[in-house]
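Thanks for coming. I will walk through one structure, a piece at a time, and keep to what can be read from the model.

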Amino acid sequence: MDFGRRRWFCLAALTCVAQLGACKKLGGDAAPSGSSAGASAATQGVVIGHYASMTGNTAHFGQDTDKAVHLAVDEANAAGGVLGKPVKVVTLDDRGDSAEAASAVTRLIDVEHVNALIGEVASSLSLAGGRIAQRRGIPMISPSSTNPKVTQVGDYIFRVCFIDPFQGKVMATFARNTLKLDEVAILRDVKNDYSIGLADTFKASFAALGGKISLEQSYSAGDTDFSAQVTAVKGTKAQAIYVPGYYSEVGAIARTAKRLGLKVPLLGGDGWDAPELFSIGGDALDGSYFSNHFAADGASPKGKQFMAAFKTKYGQEPTGLGMLGYDAAAVLLDAVKRAGTTNPKAVRDALAQTKGFEGVTGKITMDKDRNPEKSAVILKIQGGKAVYEATVQP
Amino acid sequence: MSEFFQQIINGLSLGSIYALIALGYTMVYGILKLINFAHGEVFMMGAYSGYYLASWLGVERYQAAGRGFPLGLALVVLVLAMAASALLGVLIEALAYRPVRSAPRLTPLITAIGVSLFLQNAAMLLFTPNPRAYPPILRELRFAAGGVIVTNIKLAIFVVALALMVGLHLFVQRTWTGRAMRALSMNIDAARLMGIDVNATIRATFAIGSALAAAGGILFGLDQITINPLMGVLTGLKAFVAAVLGGIGNIPGAVVGGLLIGLAEQLTAGYLSPDYRDAITFLILVVILVLKPEGLLGVVRQEKV
């Protein structure tokens with residue numbers, strides 16, 4: 001059972017914060033008396049609130065993102081700040097829990113008087129926090145929540161990563177046009193909305209490009225035996241299997257395929273991106289491909305510059321989540337600059353007009369649904385690591 | 001056709017593992033009329049002790065050097081993990097079941113669930129909840145015959161499972177402890193009057209059942225590639241169904257039930273849909289409880305009132 005990772009489980013279980021409607025009537029200034037938040041936002045310059053899982057099962061998501069957010073803000077401050085004043089970040093821990101995320105956002109808005117919010121990695125938490133940000137009219141930008149529902153919460157919610165269905169389309173294009181595959185089997189995790197979404201768009205896009213889906217199979221997160229599915233795929237003419245699941249099952253599926261003598265590559269999405277993929281899958285994954293947000297060895301000059309700065313500051317390589325965290329902060333600060341004020345409405349409008357912003361993960365242009373139009377990369381697995389293979393444009 | 005035989009082989013090897021676990025359920029039930037719900041967690045702990053023993057004996061070094069883990073050391077891992085689990089089983093019995101042995105039958109059932117939850121969460125704390133790749137205690141070799149692929153791991157599962165089951169059968173039928181176990185399963189009080197050390201016999205039952213579960217855990221890890229702290233939940237439940245299917249309390253029945261459940265699961269996943277692989281097991285449970293509650297090989301015992 002995979003507790004380690006990851007977003008976009010739409011546990012829509014948004015623990016209610018219905019009483020907040022009352023707070024709204026009081027207006028943004030109604031900080032609880034006794035709040036020691038210090039000077040009010042007006043005299044202080046830009047205050048960014050970051051809510052993240054700094055502890056708990058997904059702690060490394062939150063910590064990586066937070067480091068990158070701080071790096072972006074430190075760089076902005078070193079360059080003279082934004083609107084002539086230094087930028088301040090307030091980070092609150094949500095422990096990977098959606099109720100905590102909701103209360104962290106409430107506190108950031110009421111007690112810390114933030115002008116804008118960054119968060120979360122996990123889609124379920126971004127949904128929880130986003131509903132409050134939307135209700136209070138504070139712009140929020142999610143670094144890496146890929147579930148389409150996140151920005152559908154309302155017009156104050158943005159993100160800097162691509163959305164789930166896009167990855168299915170990217171891999172279908174790559175499989176059909178670059179790998180020239182005619183027949184592919186699909187193996188999806190039926191317990192995971194992310195996996196189902198990717199598999200659906202892959203299927204539609206691959207068929208639209210003239211390819212054939214030879215077989216559709218499924219598994220459930222937490223399964224350990226995949227021999228039945230692999231044996232069934234072996235009976236078809238499939239030239240590859242699309243497995244848009246998470247790394248632990250994917251690793252085991254690759255090993256099972258190798259064991260049963262099925263010699264076709266696996267194709268997948270960003271749920272593969274974890275070191276455990278290689279410790280479980282071993283050499284059985286050689287020759288497989290997955291789509292991702294960025295590739296360390298295929299980064300733009302700006303991306304390389306960020307990676308070097310991150311390493312100097314924190315003594316470790318940034319993850320893809322870190323890259324997106326940096327972009328979220330950078331896009332936000334850019335919008336504040338263009339707005340020329342910290343007024344939430346003006347910042348929201350500026351965010352919506354983001355066009356061709358040169359981020360560390362690529363060029364970012366917000367579409368009308370507040371999702372970025374940006375490219376994805378394809379990584380190839382060779383000798384126990386993922387190497388850059390291609391960039392696929394939207 | 002080769003696909004069909006492949007599914008059969010995969011099903012039989014999965015079924016052998018269920019059978020090994022089912023033996024533990026059935027032995028304990030046969031004697032104490034207790035469903036030991038912590039048995040799935042003993043299976044999980046057995047898999048983890050194999051994992052740590054193998055890395056303690058340097059399996060990574062052999063792997064890095066490109067050599068297989070020596071068979072002798074693999075057997076050491078198996079035997080030590082079985083011993084460690086036997087100890088765990090005895091400990092569970094002493095701490096959680098013996099103090100409530102004379103209580104109504106619901107009480108030990110509830111402590112069993114408590115022990116099960118405790119072990120699951122302790123394992124998540126100790127081993128982290130992340131799945132781990134099982135170390136290559138046996139180097140994987142593949143044999144292909146007419147499109148059907150058999151690995152030496154599947155063969156080892158059959159051989160080890162068969163050897164342990166035959167061994168258990170001989171133990172129960174031929175030794176004094178085995179005879180004492182059978183006596184207890186008939187009537188504990190009468191057995192005590194005949195001078196049988198009831199506590200020692202129950203301890204032995206838990207030790208043997210737990211050791212078999214540990215063997216199942218190691219074979220499971222080798223076959224299924226990854227292990228995790230919750231692996232014992234569903235696998236344990238399926239093995240329990242296997243024991244009920246064969247006739248709970250009946251040793252050959254547990255073996256037959258295990259193999260049937262393994263086959264049913266694999267064929268359902270292969271030819272119907274993998275979505276129903278778990279459902280079929282429990283459908284079988286419902287059907288058997290309705291049609292033949294004593295199980296395939298079980299006998300109805302008249303209870304005198």
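Contact here means heavy atoms within 4.5 Å. What does Ser214(A) touch, leaving aside its neighbours within four places in sequence? Ser214(A) is in contact with Glu183(A), Val184(A), Ala185(A), Thr236(A) and Ala238(A). Ser214(A) itself sits in strand S7 of chain A, residues 212-219. Take Tyr246(A) next, 32 residues from Ser214(A) along the chain: the two C-alpha atoms are separated by 22 Å.

Before going on, please keep in mind that this is a predicted model. For chain A the pLDDT averages 85, and 89% of the residues score at least 70. Over residues 1-42 of chain A, though, the pLDDT is below 50. That stretch still has 92 contacts in the model, beyond near neighbours in sequence. Where pLDDT is low, the predicted coordinates should not be read in detail.

Now two backbone points in chain A. A cis peptide bond joins Gly119(A) to Glu120(A), with omega at about -5°. Glu120(A) belongs to the loop between strand S3 (116-118) and helix H5 (123-136). His113(A) is not a glycine, yet its phi is positive, at about 50°. This residue is found in the loop that runs between helix H4 (98-110) and S3.

Next, the charged pairs. Side chains of opposite charge can pair when their charged atoms come close. Over all chains the count comes to 26 salt bridges. One of them is between Lys313(A) and Asp74(A), at 2.3 Å from N to O. Lys313(A) lies in helix H11 (residues 301-314) and Asp74(A) in helix H3 (residues 59-78), both of chain A, so this pair ties together parts that are 239 residues apart in sequence.

How do the two chains meet? Chain B gives 32 residues to the contact and chain A gives 29. About 2,500 Å² is buried between them, and carbon and sulfur atoms give 51% of that area. How many salt bridges are there between chain B and chain A? The count is three. In one salt bridge, Asp223(B) meets Arg259(A) at 3.4 Å, N to O.

Chain A supplies two or more lining residues from each of helix H9 (247-259) and helix H10 (276-281). In chain B, the elements that do so are helix H3 (59-64), strand S1 (132-133) and helix H9 (198-224). By class, the lining has 16 nonpolar, seven polar and 11 charged residues.

That is the tour; I can go back to any part of it.

Definitions and conventions:
Residues numbered from 1 in each chain as written. Chains lettered and ligands numbered in written order. Predicted model: local features only at pLDDT ≥ 70, side-chain atom pairs only at ≥ 80, totals over all residues. Heavy atoms only, no water. Helix = DSSP H or I, 4+ residues; strand = E, 2+ residues; numbered from the N terminus. Nonpolar A, V, L, I, M, F, W, Y, C, P; charged D, E, K, R; others polar. pLDDT = per-residue confidence, 0-100. Buried area = accessible area lost by both parts, 1.4 Å probe. Salt bridge = Lys/Arg side-chain N within 4 Å of Asp/Glu carboxyl O.
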